[in-house]
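Please keep the structure in view while reading.

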Amino acid sequence: MRLDFHTHGKLAKKLPFSAVYTDWLFGEARRAGLDALCLTEHFNTLHFDQLYGHLASVSRRLGDTLELPNGLRIFPGMETDVAEGGHILSIGPLEAILELNRRLEPHREKGQFLPFASLMDLFDQYPVLVGCGHPYRPGGHVPQLPLQQLQRLDFLDLNGKDLAMDPDRTRTLTCGLGQQLGIPVVSGSDTHQAMQYGCVTTVLERSCDSLSALKAEMAAGRYEICLSDSAAVQVRAARLIKRSLKEIHALGGDYVSVLIRGAGA
């Protein structure tokens, strides 16, 4: 099973939700060869509930996943900022993710983010897998936290954006921390835009549709991380496209129509 552990369903967190864009995005994910993805949408994105409400309406429940008509399985999740600086990924059943998101509502703005320990205390109350996203990206300080706190994590994210920019440093530091903590290191593209799908994937030996099965495969190390030869180009292109589409929106244009029309040309 080819899985992407870190993805987004919107172009940017301050833009309105677009069902057309999200449907197109996940169609592109399937065409890029993905069997499944973890939708780790920003916890403070605009219209978080609408995004998941739409996905629930167009999918069928398969274990802990939402399976789209094209066969793509989505593990619900979110990406949460912590007060120390850094992003924490959580993956779990849809109801748990939605309830967690509601409980985090008072902490969505900078200056109100929960400290790592408090966030982990909250996550401990739910059946979720918890990891650190791109732990060594500038501005993140999670690796500097006390060891006993870091050992509460279930996995680390070997992030596609960071691999594209500095693969040696990203691998050395992230895998080194994983070994120190004794937890799996898996990979995610961190994409908001379809060009980035497939830049890095986690290929599991067995197909999973439950959180328990996914956790077991990760713990047993029955997977490999595959970095595309074109990862750097994909990440740069996706960044440029994202910036251009956001500018279209800022100028009052319909970036979704521009993108979809261009993709079909």
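Two residues are said to be in contact when heavy atoms of theirs lie within 4.5 Å. With that in mind, what covers the buried residues of helix 4? The cover includes strand 5, strand 6 (87–91), helix 3, strand 7 (129–133) and helix 5 (147–150). The model is a predicted one, and every value below is computed from it.

Helix 4 spans residues 116–123, and its buried residues are F116, L119, M120, L122 and F123. When one looks down the axis of helix 4, these buried residues fall within an arc of 155°, so they line one face of the helix.

Two packed helices are described by the angle between their axes and the distance between the axes.

| Pair | Angle between axes | Distance between axes |
|---|---|---|
| Helix 1 and helix 2 | about 60° | 11 Å |
| Helix 2 and helix 3 | about 165° | 11 Å |

Helix 1 (residues 19–31) and helix 2 (residues 48–58) pack at an angle of about 60°. Because of this angle, helix 1 is oblique to helix 2, and the crossing of the two is right-handed. On the side of helix 1, the residues A19, T22, D23 and F26 take part, and they meet L51, H54 and L55 in helix 2. Sorted by class, this contact of helix 1 with helix 2 has 4 nonpolar, 2 polar and 1 charged residues.

Angles over 145 degrees count as roughly antiparallel, and helix 2 and helix 3 pack at about 165°. Helix 2 and helix 3 are therefore roughly antiparallel to each other, and helix 2 passes helix 3 in a left-handed crossing. Their contact is made by F48, D49, Y52 and A56 of helix 2 together with L94, I97, L98 and N101 of helix 3. By class, the contact of helix 2 with helix 3 has 6 nonpolar, 1 polar and 1 charged residues.

A12 has its place in the loop between strand 1 (2–7) and helix 1. Is A12 buried or exposed? A12 has a relative accessible area of 8% and is buried, because buried means under 20%. If neighbours within four places in sequence are left aside, A12 is in contact with T45, H192, K242 and K246. A12 and R243 are 231 residues apart along the chain, while their C-alpha atoms are separated by 9.7 Å.

K242, one of the contacts of A12, is found in helix 9 (residues 231–250). With neighbours within four places in sequence again left aside, K242 is in contact with L11, A12, H192 and Q193. From C-alpha to C-alpha, K242 and A117 are 33 Å apart in space, and they are 125 residues apart in sequence.

**Two residues with positive phi**

Most residues other than glycine have a negative phi. H47, although it is not a glycine, has a positive phi of about 65°. H47 lies in the loop between strand 2 and helix 2, and it is partly exposed, with a relative accessible area of 29%.

D190, also a residue other than glycine, has a positive phi near 65°. D190 is found in the loop between strand 9 (185–188) and strand 10 (200–204), and it is buried, with a relative accessible area of 3%. Which residues does D190 touch, not counting those up to four places away in sequence? D190 touches H6, H8, H134, R137, N159, K161 and Q196.

Conventions:
Residues numbered from 1 in each chain as written. Predicted model: local features only at pLDDT ≥ 70, side-chain atom pairs only at ≥ 80, totals over all residues. Heavy atoms only, no water. Axes fitted to C-alpha atoms, helices over the stretch in contact; angles between N-to-C directions. Helix = DSSP H or I, 4+ residues; strand = E, 2+ residues; numbered from the N terminus. Parallel < 35°, antiparallel > 145°, perpendicular 65-115°, else oblique. Left-handed = near helix turned anticlockwise from the far one by under 90°. Nonpolar A, V, L, I, M, F, W, Y, C, P; charged D, E, K, R; others polar. Buried < 20%, exposed > 50% of the residue type's maximum accessible area, 1.4 Å probe, protein only. Arc of directions from axis to C-beta.
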